[in-house]
Amino acid sequence: MTAAPLVAGGRPPARRGWRERDKYWGMAFVAPQALGMLLFTLLPFAAAFLLAFTEWNGFGMPEFIGFDNFADQLTSPLLGRAILNTMVIALVTVPIGLFLAIVAAVVLNKIRGRAFYLVLFFAPVVTSSVAIALIWQQLLRADGVLSGSLTRLFGIAPIDWLGDPILALLAVCLVTIWASLGLNVVIFMAGLQSISPSVMEAAAIDGAGPVARFFRIILPLLSPIVFYQSVVAFISSLQTFDLVFVLVNNAGPDNGTRTIVYHIYDLGFAKSQFGLSSAASIVLLGLTLVITAIQFGAQKKFVHYES
């Protein structure tokens, strides 16, 4: 049998043509996603970065003013309040939310018919955040269901959860934990399936109780998933906006629930100060990178990867 003639590189012409066509098909499938990233991510980021050094109200030509916007924002009490509120939301919702999700996943993993309960947990994830905020708004207002129930049970005055700065911030944390719980439970349930039952049986034989098995076996084996979810959850918490905008009517009482993203929105779309808004968005980017870098640096102490 006569061998097929070789071309440069030692490959038959037919195979070379197939690989060329395969490359073009791959580029065709990737093109829509790449174009979307270019139009809706990279170009807006570049525009925001350039606008951060200008003064612009949305009309006319932007005026270059150097680092004045950054100086204004880094000394702004409103941005400071927004950063503080956002960090409180992140530091409250992420640890509590992840811990509750792990506990719920462990409990559901031991009961029959858990698929039904997973659907219930996951329902808020696929529900519009605006709808969630409106429902909780009816529950938490002074004449809502929650305040009315507490008044009837304990004879106390109705609590205006959304009218007090501290209570409003706690309400945002509560709704955030509730809305994100389902996704975390599903992910941790998938992680529990990878833990060998023989490991749990051996620990039980050695006398380890449920609490000891949870903290000494389940948590260490789930630590890579916990780390990944903590990074994602922190970034999501730093971008809190819709709950604040709908649940507590913008920034809430005395800016008690003003977050960084709401601050950016307020400067840009409410006050038409797009230069200041862009500078605040760059500050948010820097804060996100710092927190993520800290998390990646700390993972060496608590994340255990299987060898």
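1. A residue is called buried when its relative accessible area is under 20%, exposed when over 50%, and partly exposed in between (1.4 Å probe, protein chains only). Helix H11 (residues 260–270) is mostly covered by this rule, with 8 of its 11 residues buried. The buried residues are Ile260, Val261, Tyr262, His263, Ile264, Asp266, Leu267 and Gly268.

2. The structure is a predicted model, in which local features need pLDDT of at least 70 and side-chain atom pairs count only at pLDDT 80 or more, while totals for chains, interfaces and linings use all residues. Residues are numbered from 1 along each chain as its sequence is written, and side-chain values use heavy atoms, with hydrogens and water left out.

3. The protein contains 12 helices and 2 strands; helices (H or I, at least four residues) and strands (E, at least two) are DSSP runs, numbered from the N terminus. Read from the N terminus, the order of elements is α-β-β-α-α-α-α-α-α-α-α-α-α-α.

4. The radius of gyration, taken over C-alpha atoms, is 26 Å, whereas a compact globule of 307 residues would have one near 19 Å. The globule rule is 2.2 Å times the number of residues to the power 0.38. Along the principal axes, the C-alpha trace spans about 95 × 75 × 35 Å. Of the 307 residues, 34% are buried.

5. Contact means heavy atoms within 4.5 Å. Among contacts with a separation of 6 or more, 66% join residues 24 or more positions apart. The cover over the buried residues of H11 includes helix H2 (68–74), helix H3 (77–108), helix H9 (210–238), helix H10 (242–247) and helix H12 (274–302).

6. Rings of Phe, Tyr and Trp (its six-membered ring) pair if their centres lie within 6.5 Å; planes under 30 degrees apart count as stacked, over 60 as edge-to-face and the rest as tilted. The count by this rule is 19 aromatic pairs. One aromatic cluster is formed by Trp56, Phe241, Phe245, Tyr262, Tyr265, Phe269 and Phe274. Tyr262, a member of this cluster, is also one of the buried residues of H11.

7. Two loop residues deserve a remark on their backbone. Asn255, in the loop between H10 and H11, has a positive phi of about 55° although it is not a glycine. Asn255 is partly exposed, at 24% relative accessibility. Ser272, in the loop between H11 and H12, is likewise a residue other than glycine with a positive phi, near 55°. The relative accessible area of Ser272 is 31%, so Ser272 counts as partly exposed.
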